[in-house]
Amino acid sequence: MMIDFTTIDYLKNGNERQQRAYEVLTKYQVFPKLKHYSPVLAGTIPIGIDIEGSDLDIICEVDLRFEEDFLDELMFSRIIPADEEATVERIKVRGEESIVINFRLEEFPVEIFGQNRPSLAQNAYRHMMAEYRILRDEGEEFKQKIIELKKQGIKTEPAFGMLMGLDNPYEDLLKF
């Protein structure tokens with residue numbers, strides 16, 4: 001059975017860290033406050049391969065021509081607590097303009113990532129879905145090997161690439 005990653009409801013029945021992520025995201029009403037930007041939790045926590053210090057990656061569809069409106073909404077809605085430092089970066093990811101906001105919600109580092117494309121079409125979501133399917137097909141031993149590589153400082157996509165013999169994991173995972 002496939003998990004519906006377009007909501008965070010599945011976290012309620014997940015592992016301890018997923019349940020805690022659900023509590024924090026719900027307490028701060030992050031997803032309702034971002035609803036105009038089609039937020040999706042991506043990355044390692046949703047698929048259970050996170051390690052100590054892994055962040056909550058929230059991808060959003062943001063028209064960067066209206067970047068200031070987006071940032072104002074983040075501040076006004078208090079997604080970022082008033083006493084919390086946040087960093088905002090404008091970057092290019094594979095040639096595409098993106099905005100990245102980093103801050104903390106309780107024990108979790110949070111990264112809100114915005115691009116002018118639907119959240120479900122962004123590479124972070126597409127990578128996560130490919131990794132989810134691979135983990136489901138390969139089983140627990142494979143999952144533990146990924147987690148061990150991550151604990152050694154290897155990023156997620158390269159870890160999959162190493163175990164699967166992929167030349168360019170960032171591109172090759174998109175084919176799954």
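The second largest pocket in this predicted model is lined by 14 residues, and those nearest its centre are Ile3, Pro46, Ile47, Tyr132 and Lys143. By pocket I mean, on a 1 Å grid over the protein atoms alone, an open set of points where a 1.4 Å probe fits, with protein on both sides within 12 Å along at least five of seven lines, and lining residues have an atom within 4 Å of a point.

Its volume is about 230 Å³, a volume being the space filled by probe spheres set on points joined across faces, edges and corners. Two elements give two or more residues to this lining, H4 and helix H5 (140-151), and H4 gives the most, with three residues; helices here are DSSP runs (H or I, at least four residues) and strands likewise (E, at least two), numbered from the N terminus.

Turning to the largest pocket, its volume is about 1,000 Å³, and of the 33 residues lining it, Asp57, Glu111, Ala124, Lys155 and Glu157 are the closest to its centre. Among the elements that give two or more residues to that lining are strand S2 (56-61), strand S5 (108-115) and helix H6 (156-164), while the largest share, five residues, comes from H4.

A word on how to read this: residues are numbered from 1 along each chain as its sequence is written. Local features need pLDDT of at least 70 and side-chain atom pairs count only at pLDDT 80 or more, whereas totals for chains, interfaces and linings use all residues, and side-chain values use heavy atoms, with hydrogens and water left out.
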